[in-house]
Amino acid sequence: MRDSNRQDVAAGAIFMALGAVFAWNSHGLAFGTGARMGPGYFPTVLSWLLLILGAAIFLNGRRSDKRSEVQIPWKLLAIVVISPVAFGLLLYPLGFPIAITSAVFLSTLASKRLALKTAVATSVGLAVLCWAIFVRELGLQLPLWGYWIG
């Protein structure tokens, strides 16, 4: 790619691909209206926003004069992907507080700036906040303690 910013072009292409996949998967859901949203409203709107954002980044990268090599930080990408997977795998065996704390702690490992004390404090603080929002206020039926704990 001559005279383009490869990182922006690659990121824009990835955003557009993800937006297209989610738009395709949500096309069968009832859309509804702005006042009475159906199950397909939110994923469809977000996927189109992701497509538009990706196109803007892609086109901006194509017009850029600076060149850059795309270097994917595989270790950090793996940590960010593993974090929600760990939450899903730990939710029912260990319960919501332990699963969310583990997922947040794993995601903090992707940052080189956070100290261990800060990562633990962030994990616990976000776990309490998530419990307060999702379990207490919204009433989601998430297990407080999993079947491994009793």
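Colleague: How many residues does helix α1 have, and how far does α1 reach from its first C-alpha to its last?
Modeller: Helix α1, covering residues 6-26, has 21 residues and reaches 30 Å from first C-alpha to last, close to the 30 Å expected at 1.5 Å a residue, where the expected span is 1.5 Å times one less than the number of residues. Helices here are DSSP runs of H or I with at least four residues, numbered from the N terminus. This is a predicted model, in which local features need pLDDT of at least 70 and side-chain atom pairs count only at pLDDT 80 or more, while totals for chains, interfaces and linings use all residues. Residues are numbered from 1 along each chain as its sequence is written, and side-chain values use heavy atoms, with hydrogens and water left out.

Colleague: Which residues of α1 are buried?
Modeller: Those are Val 9, Gly 12, Gly 19, Ala 23 and Ser 26, buried meaning under 20% relative accessible area and exposed over 50%, with partly exposed in between (1.4 Å probe, protein chains only). Seen down the axis of α1, they fall within an arc of 135°, so they line one face of the helix; the arc is that of the directions from the helix axis to the C-beta atoms.

Colleague: And what is exposed on the other side of α1?
Modeller: Trp 24 and Asn 25 are exposed there.

Colleague: Changing topic, which side chains meet in a salt bridge?
Modeller: The structure holds one salt bridge, in which the side chains of Arg 136 and Glu 137 meet at 3.3 Å, N to O, the cut-off being a side-chain nitrogen of Lys or Arg within 4 Å of a carboxyl oxygen of Asp or Glu.

Definitions and conventions
Helices (H or I, at least four residues) and strands (E, at least two) are DSSP runs, numbered from the N terminus.
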